[in-house]
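Hi,

Here is the structure I promised to send you. Have a look at it first, and then read my notes below.

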Amino acid sequence: MKRMAASLALAAALGLSGTLSGTGAIAQELTIGVRGGPESMDPHYSALGPQADAAKNIFDPLVWTGDDLQLEPGLALSWEPLDDDTWEFKLREGVKFHDGSDFTAEDVKFSIERIPNVTGPTTTEIYVRRVADVEIIDDYTMHIHTDGPAATLPYDFVRLFIVSSEAAKDHSTAETSAEGFNSGKAAVGTGPFKLVSWEPKGDLVLERFDDYWRGPAPWAKVTRKEISDDASRLAALKAGDIDVMNYVSSADYLALASDPDIETFIGDSVYVMNLQLDQRDETPKVRAKGGGKLDKNPFQDPRVREAIDLAIDRDTMVEIVLEGLGTPANQMMPDGFFGSSKKIPAPQYDPEKARQLLADAGYPDGFEMDLYCTSDRLPGDGAICEGLGQMFSQVGIDTNVNAISKSVYFPAQARKEYSAFMNGWGTLTGEASYTLGSLAHSPNEEVKMGAFNRIEYHNPDVDKLMQAGAKELDADKRRAYFEEAMEKTMADRAYISIVVLQTVWAGNKDKVVVMPRADEETLAYFIQPAKK
Amino acid sequence: MSGFILQRLLQAIVIMAVMSVIVFAGVYAIGNPMELLIPPEATQDVRERTIQRFGLDKPLVEQYFLFVKNLLQGDLGRSYIYNEPVLKLIGSRLPATIELVTTAIVGALLLGVPLGIYAGYRPDSPVSRAIMSLSILGFSVPTFWVGLILILTFAVELGWLPASGRGDTVEVFGVGWSFLTLNGWSHLALPATNLALFTFAMMVRLARAGTREVMLTDTVKFARAAGISERVILTRHVLKLISIPIVTVFGLELATTMAFAVVTETIFAWPGVGKLIIDSINNLDRPVMVAYLILTAGAFVTINLVVDIVYALLDPRLRKGHAR
């Protein structure tokens, strides 16, 4: 600690602020404590968030996304559709791999084609599911042929990491990839850091790559430690073992406000908590008060769904349950995402009207239901669940709250065992086809949509709009389709959005400034040294 | 003696076979891991391809026999999450757990038994009362809380010891051990203390109860009458007489602590198997869960076998009874 403070003081005295200017960057070490680590050093093994978070230090994705998840040029400089099933990508020239070789179209083709051979169960095939064929025009131009119009192809590529076709050549089967990449032999990327060492659940050690195309990173050596327990990670930060931590819990966030050595950094996340109401004729976990059978599924009645929506006091939920770390949600994506609509009214809280609506719908005494939620997936999920239970009980719907582990919840949810259930959904691609296409479109294997519609919600208008949007290559028209689909979905209230979660990072005030990203990644390159 | 061991070995094999069925069926009952692992955007054909690749489309019985077949060839499969062979994955983290558990248990034994004997020998002295209070604390205060308090006190407030991780290791036989370096010991101190507390309390109480009982027996009276010094009575006779329950509990504790060092490992970010197994359960990483449970069952069976043999060595009645 002392030594670090001294070197910072020295840097300040010399007028070096440790910026990206390269020559001025002082030899500094950064230690980050993260809740979850990568699964493999092969960036194509898993599509999980922590995997991409770690991989982005070593590899670059083909298309970059900014802090707010909107597309920016990365290794690909520009992209445009040539016809219904061809996209042209222009690549950045002068980009070097860690071994000094040049980045070319060959590496992109190689990366796309190796994915089906090396990916694990959290399959990265989703990034290339629309790709039929990759055609190299010249070293820096390529045509990607798709299986039909693929309007959202560039969004698919935001986590398509590019590996060196030379280094990874012999490590591109399921049996050889882990060995080649985890040992570092094949883990050659174009990213800001070179891999020094890693083992499963162990520290990820990185060193600066001086020829990075954005300019060298402010840190010479970066260590990412996996400390899964929130309280321990915070203790490690306070003890000076780490400089930055992600996922500060809401309770700790309050306590940190009074700590003079630690700064917190808050950002909106991509996660929205959605209550989902089963639309089938028979639903298993709803009954009359006292246990009798109801003659039909009350959630099919729009008045009941509206009553449930009106029973939720979102402001209290944010202030009390989440300690202010969230914003009330009126739709399934945060504001500003491609396809989120400004026309959707702000959510109301009106328990009187809710009771009235229930009475109108033929439930003057309410009914009884089991509410299921995850309790260990996202910050506050279990607590929100309990809050919902109390709010519903106040308008007459007796609610048994079951906040359970995600490893039990998701398989049961997939078997459609629940009637009313809530979990977070993150719009990781920043656009609506990812969210509405999976949740709001009726389940349909032919058009490959509705895979996560577990309530059998079916609105023909929404289906039509989503299918039209998926084929529409004109971005403005597509946005209009998605916005309308979002408006219609939210008006039906089979999905009731509750809150947009926020994420908190904390860091040593004298050492770092963290830029929050909506996808919750903690990228060492973008953590700036604190200016004295 | 050899007949006795042979009989125990056969029992062990049956237990292992039954265990493997229970574990496999139990893990299968939790749910299909692919529901959790396959990402939401996956289309139906991608999903089916993935499920097929991991053999999860086959019926349970077929999956089980495939597993047993591979197991008998020494192959426990590859982790879904890390794509590494399960044995390598567990093997790379086992030394950290063994080191932590051994330090904790041996520490608890070496400190707990003498203190317990003293407390039993002089039950009314204030020191004995203090020892007994400490042991009650060790029983009743939850491990995770003690762990956090230790971190807050020694790492955050005093800054004497590091809060997490394993520190420098020295390679011996290709495995890294941190108890061979000073830095390693500084990392080991807090988690080992945390983990040792419960076992320590147990040792104290067992030793005390045993001592109090034995002190009243004729053996001790005659020894005193024969003019043998108190120190010799305690170390030579009492210690031997109270050791059977202590050995039993020591064996059980060794196995349970090994299997359940999870809490301590999570709090101190100790890179042992406990953390690995908890994450595997959360992610439904079936191969790791199954392999770990089988290995744990194996460890329990082995330790119990060893304990039985130690009994036989300690107690001639058992030895002779089974030799027939």
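Which residues does A:Thr86 touch, not counting residues up to four places away in sequence? The model you are looking at is predicted, and in it A:Thr86 touches A:Glu80, A:Pro81, A:His143, A:Ile144 and A:His145. You will find A:Thr86 in strand E5 of chain A, which covers residues 86-91. With one of those neighbours there is also a polar contact: the side chain of A:Thr86 meets the side chain of A:His145 at 3.2 Å.

Is A:Thr86 buried or exposed? A:Thr86 counts as buried because its relative accessible area is 5%, and the cut-off for buried is under 20%.

Now for the two chains together. The contact between them involves 50 residues of chain A and 49 residues of chain B. Together, chain A and chain B bury about 4,000 Å², and 57% of this lies on carbon and sulfur atoms. If you wonder about that unit, the size of an interface is often given as the accessible area lost when the parts come together.

Three salt bridges are found across the interface of chain A and chain B. One of them to look up joins B:Arg53 to A:Glu125, with the closest N and O atoms 4.0 Å apart. There are also 11 residue pairs in polar contact between chain A and chain B, counting pairs with both residues at pLDDT 80 or more. On the side of chain A that touches chain B, at least two residues each come from helix H5 (177-182), helix H6 (230-238), helix H12 (406-414) and helix H13 (432-439). The residues of that side of chain A are 22 nonpolar, 12 polar and 16 charged.

B:Thr193 sits in helix H8, residues 182-215, and is partly exposed because its relative accessibility is 40%. B:Thr193 and B:Gly107 lie 86 residues apart in sequence, while their C-alpha atoms are 8.4 Å apart in space. B:Leu94 belongs to helix H5 of chain B, residues 86-121, and is partly exposed at a relative accessible area of 31%. From B:Leu94 to B:Ile51 the separation is 43 residues in sequence and 30 Å in space, C-alpha to C-alpha.

Finally, the confidence scores. Chain B has a mean pLDDT of 83, with 96% of its residues at 70 or more. The model has an ipTM of 0.74 and a pTM of 0.78. Do keep in mind that where pLDDT is low, the predicted coordinates should not be read in detail.

Best wishes

Conventions:
Residues are numbered from 1 along each chain as its sequence is written. Chains are lettered from A and ligands numbered from 1 in the order in which they are written. Side-chain values use heavy atoms; hydrogens and water are left out. Contact means heavy atoms within 4.5 Å. Buried area is the accessible area (1.4 Å probe) that two parts lose on being put together, summed over both. A salt bridge is a side-chain nitrogen of Lys or Arg within 4 Å of a carboxyl oxygen of Asp or Glu. A polar contact is a pair of N or O atoms within 3.5 Å; within protein, one must be able to donate a hydrogen and the other to accept it, and residues adjacent in sequence count only if both atoms are side-chain atoms. Helices (H or I, at least four residues) and strands (E, at least two) are DSSP runs, numbered from the N terminus. Ala, Val, Leu, Ile, Met, Phe, Trp, Tyr, Cys and Pro count as nonpolar, Asp, Glu, Lys and Arg as charged, and the others, Gly among them, as polar. pLDDT is the predictor's confidence in each residue, from 0 to 100. Buried means under 20% relative accessible area, exposed over 50%, partly exposed in between (1.4 Å probe, protein chains only).
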